[in-house]
Amino acid sequence: MSVWNYVVTAHKPTNVTHSCVGNFTSPQELNLIVAKCTRIEISLLTQQGLQPMLDVPIYGRIATLELFRPHGETQDFLFISTERYKLCVLQWDAETSELITRAMGDVSDRIGRPTDNGQIGIIDPDCRLIGLHLYDGLFKVIPFDNRGQLKEAFNIRLEELQVLDIKFLYGCLKPTIVVLYQDNKDARHVKTYEVALKEKDFVEGPWSQNNLDNGADLLIPVPPPLCGVLIIGEETIVYCSANAFKAIPIKPSITKAYGRVDADGSRYLLGDHAGLLHLLVITHEKEKVTGLKIELLGETSIASTISYLDNAFVFIGSSYGDSQLIKLNLQPDAKGSFVEVLDTYVNLGPIVDFCVVDLERQGQGQVVTCSGAYKDGSLRIVRNGIGINEQASVELQGIKGMWSLRSSTDDPFDTFLVVSFISETRILAMNLEDVLEETEIDGFNSQVQTLFCHDVVYNQLVQVTSSSVRLVSSISRELWDEWSAPSGYSINVATANATQILLATGGGHLVYLEFGDGKLAEVKHAQLEYEISCLDINPIGENPNSSQLAAIGMWTDISVRIFSLPHLNLITKEQLGGEIIPRSISYLLCALGDGHLLNFQLNLSSGELTDRKKVSLGTQPITLRTFSSKNSTHVFAASDRPTVIYSSNKKLLYSNVNLKEVSHMCPFNSAAFPDSLAIAKEGELTIGTIDDIQKLHIRTIPLGEHARRICHQEQSRTFAICSLKTQSSADESEMHLIRLMDDQTFDFISTYPLDTFEYGCSILSCSFSDDTNVYYCVGTAYVLPEENEPTKGRILVFVVEDGKLQLIAEKETKGAVYSLNAFNGKLLAAINQKIQLYKWMLREDGTRELQSECGHHGHILALYVQTRGDFIVVGDLMKSISLLIYKHEEGAIEERARDYNANWMSAVEILDDDIYLGAENNFNLFTVRKNSEGTTDEERGRLEVVGEYHLGEFVNRFRHGSLVMRSPDSDYIFLEKLQSSLRKVIKGVGGLSHEQWRSFNNEKRTAEAKNFLDGDLIESFLDLSRGKMEEISKAVNVSVEELSKRVEELTRLH
């Protein structure tokens, strides 16, 4: 087994941490900018809702995100700082639609204690300076010069050490901050300071306010004309300024997020920890504040950020549930809520635990996660690829082509499905009972194979066979006109849209006809030097019914040519190279007979082809068809590995469809099955709807409670979860439960409540030696308010009988059971500081119990345990990874080796016999190797660190498994070379360095990443322009085609 690892994101972060609204992409456009941990998404507010414009990775965890507008600018700039103390100012470049970096820098200090409450980054409303609170007792100031550029930063001493919040006040002649802090007697106060930029110091501010609500932790500065600040507490809200003080009591709640509604700051939206949305109104007469009012609007996800967009539309960003776009109505609905949810954006975070299962038993793993928290807790089933949900199917052998037709031009739905075979054509239609049955269209020739069909203007249909083109009325179904091929020639390929038809006969003849009302008119004929293999005149551009360009694929010289219509003049010719014939062309996609697909960008005005890229979709010939889903057009590539091609973020993406082999497909949007597809597979014709077009498909099972541990049991076809339910009564009591769920329907089928104060900490499905049953084992802890560490817990053993959890045995422990593992037919438990092994004993009365066999002490807290054979790998709270071995003869567990670094672990896993993977609480991954060849005991007793990497995400759990069927091989040296070349070519947003971002980093040291590769960077090669690809191809000395092929294979890992 190699020591290197390839790390790649299968699903981008979805947890929304920050958001802001402003005119970023142009002075007239309103944008929503959302930060999701390590990514930024920019959307545009349109009539139709939020339209995504750009989605980019940031090489850092985003700590603050603010929009501001320097003097003399017409649109906003974006300020970002990261948790590793980098900052940048970004501006939108409208011409390239990219972000440009206006300023960047590192604001870390060599010494200083990082703040406990996270970073605070604020911008003076008059753009005189940026203020940062990064370390206790220091306030960092970055002044702007009069051109809006950043000048050198300096620190000012801040006496208040326990700072809860800092904001800039509006309407002050000198920049003034307001500080909310806690003193050493736990009382909370507010103070103001003026920032004297010349003296680089603070001057006592205009006012202060002592002894606030003990739960006060949020400041909201109020803009002019009112000015002043709102102080949000758990039981009161206070408005404070130099000359006014108003307070109102509120129901106890912890406010998590706020959003300003009006520019003058008289109304604010407040979101609390229970997902309730309130409106806070400052009542005032002119500039004098007369009071505060608060009103409940309704319930949303638990908000981490609230952005008021416009016209009562509000974006609720959530870290604990799905983010939402909501509308605030003037009148309440039946339940008394003013909140209407218009759109939800899936969020998988925080994933506390997950398991990998193969529910459909197809050899393809699915991930079931414990997602969200508190009331927004849910299970999510994540699988790769796009599912087709079958609605109907009929057995039909030997289908050669399929087309759907409407019964009149303005009918919104399709009526007929034309299915072509080698020597006949059949027409299916929906009858009144919504059943597919065979019907006739008199004007169609059904004794021969159909080459092409289409709906035509003036309520007509066209059928192309090898001998003629038939124009038929879609109402009376009779033949109106026919164009026959010249004698001695037959039509080989044809294509049409609603007004034009293009066909090719033997000998390289190309004929262009136009449809009239009941008439077919031949407009132009051209002779080409080679036979024609495929054609397309699918309209793109302004006119949906006709096209100015035709794409034609040739045999012999294997080229694609673009001709103009109606004159058939050659505009561009592109050689495809190789021995493979282009099979179907849709405007910039060209499929070859060996399963490769080329794509080009087609310039609509000039007809030129640029930016050629080649991908492999399978090994069989591909047929391409367009279809639309949710108002956007996609392409279905039918072959031995069916794929949907769609565009997102200005690039083409490929997503595999969960079907074996598909020979033909056509959209079939009938009244009974709206937005469906007809799909021809081996021996059958299926009609089905398609899932949302995305790479991973996510199904949500809302629980309304917080699932913390999950485990699957194949034999009983169930999941068991440990969950926590918050009672919404006054005392906010918690109930901890063990729940049993059916693994197909995901319904709760049985529940076992735990004792008061008892938490479920671990869960496992296992069997024991000399016992055929399969059990669920649950480890618990009694978390008592007066104890620092639990001193008592239980191990519960359940069996599933008739869909119910039956308790078979229980064992009391002297601490929290953090981890359970099946181990050689016994049960291995991690209990506080020790590892304990239990065997399953039969009592004389036939019942069974757990009996302690042996243990191992010497950990601070043994939190995470994995086993393999007789080896036990332990992840400790603060002492990194240790390796233990169980000795059968002595019946004892001994330590074999350990890593002597001080890592605070968050998860461990065994990669193979010698290499173990760990994650720690500074978002790093590392691997250690067992040194069995060491010459001295000391060498053998040390786990050597072989790999280090900064993941930038907190890991709760590792699991073996895969979302896809197979995995490719690659070699490290080649990929490392590619990665370092990509680092030089791809510049990080805001000038942030990829190398620094991926370097292992904790409080004590920073070290370059080693033996880990960043798959996200490597796979971004496919999104580069042709010129940049060639630059990299030179650097690594491999052709662009070969590089693309190798990187594409890697993208199939996920």
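**Domains, contacts and cores**

Modeller: The protein is divided into domain 1 (215–335), domain 2 (388–694) and domain 3 (972–1052). The model is a predicted one.

Colleague: How far apart do the C-alpha centres of domain 1 and domain 2 lie?

Modeller: Domain 1 covers residues 215–335 and domain 2 covers residues 388–694. Taken between their C-alpha centres, the separation of domain 1 and domain 2 is 55 Å.

Colleague: Is Ser323 buried or exposed, and with what relative accessible area?

Modeller: Ser323 is found in strand 28, residues 323–328. Leaving aside residues up to four places away in sequence, its contacts include Val16, Phe315, Asp343 and Tyr345. Residues under 20% relative accessible area count as buried. Ser323 therefore counts as buried, with a relative accessible area of 1%.

Colleague: Which backbone nitrogen does the side chain of Ser323 reach?

Modeller: Ser318 is one of the residues that Ser323 touches. The side chain of Ser323 comes to 3.0 Å from a backbone nitrogen, that of Ser318.

Colleague: How many residues apart are Asp55 and Arg39, which meet in a salt bridge?

Modeller: The side chains of Asp55 and Arg39 meet at 2.8 Å, N to O. Asp55 belongs to strand 5 (residues 49–57) and Arg39 to strand 4 (residues 39–46), and the pair links parts of the chain that are distant, 16 residues apart.

Colleague: What are the relative accessible areas of Asp55 and Arg39?

Modeller: The cut-off for a buried residue is under 20% relative accessible area. Both partners are therefore buried, Asp55 with 15% and Arg39 with 14%.

Colleague: Glu41 forms a salt bridge with Lys36; what relative accessible area does Lys36 have?

Modeller: The closest N and O atoms of Glu41 and Lys36 are 3.2 Å apart. Glu41 is partly exposed, with a relative accessible area of 22%. Lys36 is buried, and its relative accessible area is 12%.

Colleague: Which strands hold Glu944 and Arg929?

Modeller: The side chains of Glu944 and Arg929 meet in a salt bridge at 3.5 Å, N to O. The pair ties together parts that are 15 residues apart in sequence, because Glu944 lies in strand 81 (residues 944–950) and Arg929 in strand 80 (residues 924–929).

Colleague: How many salt bridges does the count come to?

Modeller: Some of the charged residues are linked in a network, namely Glu529, Asp557, Arg561 and Lys573. The count for the model comes to 48 salt bridges.

Colleague: What distance does helix 2 reach from its first C-alpha to its last?

Modeller: Helix 2 (residues 972–985) has 14 residues, and 20 Å is expected at 1.5 Å a residue. The distance reached is close to that expectation, at 20 Å.

Colleague: Which elements do the buried residues of helix 2 pack against?

Modeller: Among the buried residues of helix 2 are Phe974, Leu975, Leu978 and Leu982. They belong to the buried set that packs against strand 1 (5–7), strand 84 (1012–1014), helix 4 (1015–1019), helix 5 (1026–1036) and helix 6 (1040–1051).

Colleague: Which residues touch the most other members of the largest nonpolar core?

Modeller: In soluble globular proteins, nonpolar side chains tend to be buried together. The largest nonpolar core has 47 residues, and the ones touching the most other members are Ile40 and Leu78.

Key. Residues are numbered from 1 along each chain as its sequence is written. This is a predicted model: local features need pLDDT of at least 70, side-chain atom pairs count only at pLDDT 80 or more; totals for chains, interfaces and linings use all residues. Side-chain values use heavy atoms; hydrogens and water are left out. Domain bounds come from an automatic or database domain assignment. Helices (H or I, at least four residues) and strands (E, at least two) are DSSP runs, numbered from the N terminus. Buried means under 20% relative accessible area, exposed over 50%, partly exposed in between (1.4 Å probe, protein chains only). A polar contact is a pair of N or O atoms within 3.5 Å; within protein, one must be able to donate a hydrogen and the other to accept it, and residues adjacent in sequence count only if both atoms are side-chain atoms. Contact means heavy atoms within 4.5 Å. A salt bridge is a side-chain nitrogen of Lys or Arg within 4 Å of a carboxyl oxygen of Asp or Glu. The expected span of a helix is 1.5 Å times one less than its number of residues. A nonpolar core is a set of buried Ala, Val, Leu, Ile, Met, Phe, Trp, Tyr and Cys residues joined through side-chain atoms within 4.5 Å.
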